[in-house]
Amino acid sequence: MTHTAPQPSSEKTEGRHGRPRWSARDRGLQEHPVRIAILGVGYAGTTAAISLSQVPGLHVELFDAASELREIGASIGIQPCALRCLEKLGLGQEVDALAYRHGEYPLLLVKHAEEKAGPVRLLKRVAAVKSSVEGVRVRFEDGTEWSGDMVIGSDGIRSPTRASFYPDYKIGRGVSVTLRGVFPTSVLEDAGIQLPPEPCHWPGPDRSLFTSPLKPGLFTLVAFVPTRLIPGADIVGWGAATEVTDLASVFKGWYPPLAKLCAVAPPLKIYPDWNGPTLPSLTVGGRVALLGDAGHCHGGAFAAGGTLAIEDGYTLGLCVDEVAQRAALEGRPMEGNDIATALSLFDKCRLRHVNRLVAAAHSLRDRRAQKDNHVASEAEINAYVTTHADVAWLADNDAEAVFDQVVANELLAKAVDESLGRDTGTAEV
Ligand SMILES: Cc1cc2nc3c(=O)[nH]c(=O)nc-3n(C[C@H](O)[C@H](O)[C@H](O)COP(=O)(O)OP(=O)(O)OC[C@H]3O[C@@H](n4cnc5c(N)ncnc54)[C@H](O)[C@@H]3O)c2cc1C
């Protein structure tokens, strides 16, 4: 990157925690903004775009392989920790208005991302990404290229960005599949089925159900079922939905309203629980960040993929903002080393957390593989309750507090190094 000479002035605006923030003009960045490509505009990419829009001096572009962006017709639960991130990004009221209308979150995020970063460039399917000290280059399948300073690989579970740097990374099928359907509440009314008006999880020995009203007039039924019980489930692709007609036999003998719902519900769609190993880092070469499913594949376990993706996007914005402010305080524009520092901060904030979840998902998968459908005794239930993976830490996570802690730790380490006369380098704090 080349920049015009910075022209610091005393004019400041207030940044996070009341810290001073220089405007892009003050930092002399307006001529050569830091160029960032966001590849894939799901939860991770859109949240990153919104979060990065709070950092001056960046030029963010959005790309997606899809021909149009629309609801896929499934419900999704977003946990409080991610809702807090959206609230901090100023989306609180709109998110509140979408309670029980989970399918609409992605479109809300796309709308805000486009307002901040311009329209998503559709039909831009990433083929490969290359990173070097000079910058990063993206090749699309249509033969066009993009080059710039930083790439956010938020291109989902089969991420070509990840494949560019981890060619041996393989995702595999879990031992269970998730079956999902969204249909009119009249299906329940017509069959005289009464279920609680709140979202409910109904656990069984080796399978479970989730029921919830969505927006007015719509209802969702989700079934978590061993793959072996659903013919063909071991060969369909994730997202390549297949229809299941015999749900009633899978839940025969269950609580009568649920058994009846399984009998009358329109065919559900299959989503196999793909999952993959942990990555050693969520960043590559100080230029590329892997966010959301691209950085951590854990199947449908704990209904956490969207939640983690939102936290990833939010946190990346904080990290870039931090280094931008440090550069501004030094009266200079952001440079390549600053991007590397931001990505290093991001890794420290997120890697341990997301890999902890992937590990918990693997252990859940292994336990599910051993389960059968016998009705557990009281002792077995007690043993399960005391030994099963407790993932309260997932919903309780405070992404901003983690970020603040990581920054504080780094500043402390730097101060110690300096007091001992050690060289602290430039890429890291
Ligand atoms: C039916 C269903 C229900 C789910 N329920 C829950 C739930 O209740 N709670 C929860 O937290 N999670 C849930 N998940 C998981 C959650 O949806 C994902 O973890 C989450 O969407 C990941 O977000 P992301 O931004 O990483 O990827 P995605 O949302 O998958 O977005 C990736 C984007 O990249 C684009 N893309 C893909 N390939 C390319 C390419 N080559 N070039 C350019 N762009 C590309 C895609 O078009 C897409 O827009 C569910 C998933 C499914 C399918």
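A crossing of two helices is called left-handed if the near helix is turned anticlockwise from the far one by less than a right angle, and right-handed if clockwise. In this predicted model, local features need pLDDT of at least 70, side-chain atom pairs count only at pLDDT 80 or more, and totals for chains, interfaces and linings use all residues. Residues are numbered from 1 along each chain as its sequence is written, and side-chain values use heavy atoms, with hydrogens and water left out.

The protein contains 12 helices and 16 strands, taken as DSSP runs numbered from the N terminus (helices: H or I, at least four residues; strands: E, at least two). Of its 429 residues, 50% are buried, that is, under 20% relative accessible area, with exposed meaning over 50% and partly exposed in between (1.4 Å probe, protein chains only).

Helix 8 (residues 305-329) packs with helix 12 (residues 399-419) at an angle of about 35°, and their axes lie 10 Å apart. Here axes are lines fitted to C-alpha atoms, for helices over the stretch in contact, and angles run from 0 to 180 degrees between N-to-C directions. The crossing of helix 8 and helix 12 is right-handed. Residues in the contact (heavy atoms within 4.5 Å) include Tyr 314, Leu 318 and Arg 326 of helix 8, together with Phe 403 and Val 407 of helix 12. Across the protein, 73% of the contacts with a separation of 6 or more join residues 24 or more positions apart.

Turning to helix 10 (residues 378-387), this is where Tyr 384 is found. Tyr 384 counts as partly exposed because its relative accessibility is 35%.
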